[in-house]
Amino acid sequence: MPTLYSIKPAFQNLLRPLVSHLVKAGMTANQVTLGAAALSVAGGIAMAVFAANPGIFWIVPVILFVRMALNAIDGMMAREFGQASKLGAYLNEIGDVVSDVALILPFALVAPFGAAGVVAFAIAALLVEYAGVLGTMVGAGRIYDGPFGKSDRALALGVLAVLIALQLVPRWFEWLFPVLALVSLYTMVNRIRAGLARAG
């Protein structure tokens with residue numbers, strides 16, 4: 001099933017000149033990966049500390065866009081400039097899930113969202129990515145099937161953060177995170193099915 005992940009090649013082409021410049025400057029893919037995770041964690045802490053001020057959530061779409069760019073950049077540095085490493089593979093996968101959790105959990109501090117729904121969504125997001133990684137263990141490669149992968153989660157969180165910042169979140173949105181958790185679990189099942197099918 002198609003997801004926002006399918007636009008990644010076009011985005012990478014826009015970033016390629018910047019990637020070349022970073023490599024010439026001595027930057028490594030692993031440094032970029034760690035930077036992306038640190039940015040998300042710092043943003044999550046800021047959101048948690050200042051959750052009472054809706055305006056703090058304006059930082060979410062900015063962080064998500066920068067993180068998306070950094071994730072594309074570290075991937076290109078690894079593949080196109082010979083910086084791929086086993087450590088980098090670990091950092092990439094762990095950094096992604098740490099970043100997701102850091103940016104998702106602060107939403108639990110905002111009305112009308114409940115902690116249970118937000119935490120359920122965070123856990124479901126982890127399971128989605130874990131299911132994708134496990135594709136490599138069965139010989140199917142990394143699985144990115146949707147309908148609700150990393151890029152789609154980022155879009156949903158970004159839109160929601162803007163609504164919070166504008167104070168336009170209706171009361172019935174209390175059901176939003178449980179629904180997103182269910183869609184994420186469906187995505188996990190799709191990735192498991194895809195992995196099994198591709199592994200033969």
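This is a predicted model: local features need pLDDT of at least 70, side-chain atom pairs count only at pLDDT 80 or more; totals for chains, interfaces and linings use all residues.

**Stop one: a residue on helix H2**

Start by selecting residues 29–49, which make up helix H2, and pick out isoleucine 45 within them. Is isoleucine 45 buried or exposed? Its relative accessible area is 52%, and the cut-off for exposed is over 50%, so isoleucine 45 counts as exposed. Along the sequence, isoleucine 45 and alanine 102 are 57 residues apart, yet in space their C-alpha atoms are 7.5 Å apart.

**Stop two: two helices side by side**

Next, select helix H5 (residues 115–134) together with helix H6 (residues 150–165). How do you describe two packed helices? You use the angle between their axes and the distance between the axes. For H5 and H6, the angle is about 155 degrees and the axes are 11 Å apart. Angles over 145 degrees count as roughly antiparallel, so that is the label for H5 and H6.

Want to see which side chains to show? On H5, the contact involves Phe121, Ala125, Val128 and Glu129, and on H6 it involves Lys150, Arg153 and Leu157. Sort these contact residues of H5 and H6 by type and you get four nonpolar, three charged and no polar ones.

**Stop three: the phenylalanine rings**

How many aromatic pairs does the structure hold? There are six. Let's visit two of them.

Select phenylalanine 107 and phenylalanine 177 and show their rings. This pair is tilted, with 55 degrees between the planes and 5.7 Å from centre to centre. Phenylalanine 107 sits in the loop between helix H4 (86–104) and H5, while phenylalanine 177 sits in helix H7 (residues 176–199), so the pair ties together parts that are 70 residues apart in sequence. Phenylalanine 107 has 0% relative accessibility, so it counts as buried. Phenylalanine 177 is buried too, at 1%.

Keep phenylalanine 177 selected and bring in phenylalanine 113. Here the pair is edge-to-face: the planes are 90 degrees apart and the centres 5.0 Å apart. Phenylalanine 113 is in the loop between H4 and H5, 64 residues from phenylalanine 177 in H7, so this pair also links distant parts of the chain. With 6% relative accessibility, phenylalanine 113 counts as buried.

To finish, select Phe57, Phe107, Phe113, Phe121, Phe148 and Phe177 together: ring pairs link them into a cluster.

Definitions and conventions: Residues are numbered from 1 along each chain as its sequence is written. Side-chain values use heavy atoms; hydrogens and water are left out. Helices (H or I, at least four residues) and strands (E, at least two) are DSSP runs, numbered from the N terminus. Buried means under 20% relative accessible area, exposed over 50%, partly exposed in between (1.4 Å probe, protein chains only). Axes are lines fitted to C-alpha atoms, for helices over the stretch in contact, and angles run from 0 to 180 degrees between N-to-C directions. Angles under 35 degrees count as roughly parallel, over 145 as roughly antiparallel, 65 to 115 as roughly perpendicular and the rest as oblique. Contact means heavy atoms within 4.5 Å. Ala, Val, Leu, Ile, Met, Phe, Trp, Tyr, Cys and Pro count as nonpolar, Asp, Glu, Lys and Arg as charged, and the others, Gly among them, as polar. Rings of Phe, Tyr and Trp (its six-membered ring) pair if their centres lie within 6.5 Å; planes under 30 degrees apart count as stacked, over 60 as edge-to-face and the rest as tilted.
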